[in-house]
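Then we can go through a few places together.

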Amino acid sequence: MIVVIAEKPSVAREIALVLGAMEKKDGYSQGNGYQITWALGHLVALGMPEDYGIKGFLAESLPILPNPFLLTGRKIRKDKSYVADPGAAKQLKVIDHLFKACESIIVATDAGREGELIFRYIYDYLKCQKPFKRLWISSLTEKAIRQGFANLKGGSEFDGLYSAAQGRSKGDWLVGINSSQALSITAGSGVYSLGRVQTPTLAIICKRFLENSTFKAETYCQVQLGHQKNGTDFKSLSLINWDGKKAAEDVLRMVQRIGIATVLSADNKTISEQPPLLFDLTGLQKEANKQLGLSAEETLNIAQGLYEKKFITYPRTGSKYIQEDMWSEVPKLIKALETRPSIGSVIGKLKLGRLNKRIVNDIKVTDHHGLLVTEKIPISLSAMENLIYDMIAHRLLEAVSEACTKKVTEVILEVSGTTFVSKGIEVLMPGWRAVKGRYDDEESASLQVLPEIAVGDEIKIKSTEVLEKKTSPPALYTDASLLAAMEHAGRAIENEHERKAIQLIGIGTPATRAAIIETLLSRSYIQRTKKSLIPTEKGLKVYDLVKDKSISDVAMTAQWELALEKVENGQLSLDVFQREMEQYATTITGELLSSTIHKEKHPDLTCPKCKKHKLQFRDKLVKCPSADCNWVQYLKVCGVHLNYAEIEQLVQAGRTHLIKGMVSKSQKKFNAFIVLGENATTYFEFEKPAGRKA
C-alpha cells in the first residue's frame, strides 16, 4: 500500500478522487492501492522552553539554545499552560499507523518551504524511515494531479528546501523566544513578543508613523497658465516654487500684462510601455488592497479558496513568470475565459497569434510560476471571490498583450524670464491598456493632450492662477505599501555595499508577510485606522526600546533571508546558519536585558467587586488577581480605548464621563457613560437613561 499525505483534508479529497481512493476511513480514505491521509497544518512543531525543563521567564536561563531541538505534537493553550491538541494528536496517531504499515509514501503537502517542513517534521517526529517521493504541482485540476503523479520526484531532491525551512523555523524560535522573554523581563510586567521578521516590520511602521506625525508642512506657491492653440486647451505650470504668495502674485501680474508665452523647447518622444507581469502573491495582495480595500490576509484566504476549488494555480508564489514549456497552455487558458461574461468581451482585443512572451523566463521561476487561472472556469462564486478571480484573469490578459505606445511631449515656455512647463501624452496604440481601459495611473492622470507646438511659437495666455500648495508628509502605511516596503526592504538600506548585496531581497516571504501583519495586529502593536496601519502606544513603546538594537535591523533580517536562499541552494550549511542564529540570539538577548523600558504608572485601585485585591493592569484589560472574584474590565469597549484615567473614574466614582464615538454591533455610532452596577457589573447609561451591558 502507498500512503499519500496532503496538507489539508480538502486537498486530500481532490487527490483521492483522481486516484480512485474513495473508501472513507477515520482520518484517511483508501482504494486502488492507495491510502490518502492529511495533516492539519503544522501537526508537529519545535518544542517550547518548558519541554527543555525551563519554566517561567528568568534572566539566568537566557539565552536558550537547544541542542538538539525537540519536536512535539501541536499544543494549545489551556488554563495558562500548553497541553496537547487532541485533534492533532488523533490525526498523528492515524498517520503513524499508516506510515508503519505502508510500503512507501508520496508527499503531497503544499509544494513550497512550509509544506515541506510540515511533512518532514511529522516524518522525523514519528521516526519514520519509509522511502518517500514528492508530488510537486501548481494546480489541483485533475490534469495537473495526474501529470504530477506521472512525474513524481525523488524525496531527496528537496533536502535543500527542507534545510531552508528548518533554518527558518529554528532561527525564528531562537530569536523569537529569547528576545520576547528578555523584553518581558526588562519590562517587569506583561508579556511582549518580538520576532526575526515581526520586529523589523514593526520598526518600519513606527518609523513612518513618527515621520508623519512630526512632519511640519511648508506652504509654497506656483503660477499656472491656461492656453489655447488650434482649438485645444492646455495648461502650463511654473518651474519655480515661491515661498510667499506675494512673490507669486507679482509674477502673475507681470504675466497678465505681457499676455504671451514664447516656446523655448518642444520635445516629443515615443515610448513603448511594456505590460505588467503576472501576479505573484504579494502583487495580488497589493492590488487587492488598493482596489478593494482587502487586507493581505483576506486576499490570501480568498486566493487559497480559489486554488482549492481548482480555479487558479498555487497562490503562495514569489514568481511573476512561467516556464517555456508552459507557454503552449496560455492560449487554451485565454480561450476558456471566453465563456466568462466579465472577461470574454475583452479577449477579442487580443491578437492570439501574436501574444507577448515577456512572462516566459525559466530562470526567474522559483518554486512555483506566476499566478494563472486554470481551464476550469467558475460559475458561482462570492462577490469578493469573483473580484479576485477577475483580477488574476485580467492580469493574465494584460501580461500577454502588446506594449502600449505613447507619444510624450514636454514643452518649456517663457514669459519675461520666468519659465513654465507643459506636459502632454497621447496614446498611439493602447496595447495592454485596452484590456481594462486602464488609463488611470498617476502619470497618465497628470498629463494632457497637447496641440502641435514648435520652438519659437508665441502662445496666448488665456488665464492665470496662483496655486497655493503644501508639502505632504510621508504617507502612513497601508497593507499595500507595507507589503511593498517588506518586499523591497533591501532598497532602503543606507550602506551602499549592503544595499547592492541584498537589494532584491525583502523581509519575510510572499507566503508569510500577511501573517506577520496579522501577528502585529493580534499583539496590539499596530491597529487599522481606515486603510492605514498605525502603531499603538504599546507598539511605540516597544519600538522606542528596540529601534537601535539588532532585532529591529531591516538589513540584518534581509541578510538572513539571503542566507536561507543559500541554505536551500546548498551554498551554506544548515549547521553554519544555526550557529550564526545562535550568536545573533545571544547578542540581542544581551542588548535587551541591559536595556530599560519606560513603565507607565498605573493608578492604585482596589477591586470594586471583592474590595480586597489591588487591580492588575494588562495590555487589553484590567482585572482582579483573585480567581474567586475574577472581576475584569476590557480597555477596548465598542471600538473605543479607555485610558487609565477613565478606568480610575469608573472604579472610584462608579461611572465614566461621557464616552463618545463608540460603535454598536450594527455599526452605528453612539455616546454613553459606562456605569458600575450591582455586583460591579458594567452597563451603558445614555444621556436619556437606558441600560445596556458594556
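## The buried side of helix α6

In this predicted model, the buried residues of helix α6 are Gln198, Thr199, Pro200, Thr201, Leu202, Ala203, Ile204, Ile205 and Cys206. They pack against several other elements: the helices α14, α16 (513-522), α17 (537-546) and α18 (554-568), and the strands β18 (526-529) and β19 (532-535).

Helix α6 covers residues 198-213, which makes 16 residues, and at 1.5 Å a residue they should span 22 Å. The C-alpha atoms at its ends are 23 Å apart, so the model agrees with that expectation.

## Where α6 meets α17

How do α6 and α17 pack, and at what angle? Their axes are 10 Å apart, and the angle is about 105 degrees. Because angles of 65 to 115 degrees count as roughly perpendicular, α6 is roughly perpendicular to α17.

On the α6 side, the residues taking part are Thr199, Leu202, Ala203, Cys206, Lys207, Phe209 and Leu210. From α17 come Gly539, Leu540, Val542, Tyr543 and Val546. Sorted by type, the residues of this contact are nine nonpolar, two polar and one charged.

## A buried aspartate in α14

Helix α14 is one of the elements that the buried residues of α6 pack against, and aspartate 479 is found in this helix, which covers residues 479-487. Is aspartate 479 buried or exposed? Its relative accessibility is 2%, and buried means under 20%, so aspartate 479 counts as buried.

The side chain of aspartate 479 reaches the backbone nitrogen of alanine 296, at 2.9 Å. If we leave out neighbours within four places in sequence, aspartate 479 is in contact with Asn289, Ser295, Ala296, Ile517, Arg528, Lys531 and Leu533.

Most residues other than glycine have a negative phi, and most peptide bonds are trans.

Let's start with the loop between β5 (44-46) and β6 (71-73), where proline 63 is found. A cis peptide bond joins leucine 62 to proline 63, with omega about -5 degrees. Proline 68 lies in the loop between β5 and β6 too, and the bond from asparagine 67 to proline 68 is cis, with omega near 5 degrees.

Next, look for positive phi values. Serine 416 is not a glycine, yet its phi is positive, at about 50 degrees. Serine 416 sits in the loop between β15 (404-415) and β16 (418-429), and with a relative accessible area of 53% it is exposed. Cysteine 638, in the loop between β23 (636-637) and β24 (640-641), also has a positive phi, near 50 degrees. With 28% relative accessibility, cysteine 638 counts as partly exposed.

## A glutamate in α20

Our last stop is glutamate 648, in helix α20 (residues 644-653). Its relative accessibility of 31% makes glutamate 648 partly exposed. Not counting residues up to four places away in sequence, glutamate 648 touches Pro603, Leu605 and Ala653.

Definitions and conventions. Residues are numbered from 1 along each chain as its sequence is written. This is a predicted model: local features need pLDDT of at least 70, side-chain atom pairs count only at pLDDT 80 or more; totals for chains, interfaces and linings use all residues. Side-chain values use heavy atoms; hydrogens and water are left out. Helices (H or I, at least four residues) and strands (E, at least two) are DSSP runs, numbered from the N terminus. Buried means under 20% relative accessible area, exposed over 50%, partly exposed in between (1.4 Å probe, protein chains only). A polar contact is a pair of N or O atoms within 3.5 Å; within protein, one must be able to donate a hydrogen and the other to accept it, and residues adjacent in sequence count only if both atoms are side-chain atoms. Contact means heavy atoms within 4.5 Å. The expected span of a helix is 1.5 Å times one less than its number of residues. Axes are lines fitted to C-alpha atoms, for helices over the stretch in contact, and angles run from 0 to 180 degrees between N-to-C directions. Angles under 35 degrees count as roughly parallel, over 145 as roughly antiparallel, 65 to 115 as roughly perpendicular and the rest as oblique. Ala, Val, Leu, Ile, Met, Phe, Trp, Tyr, Cys and Pro count as nonpolar, Asp, Glu, Lys and Arg as charged, and the others, Gly among them, as polar.
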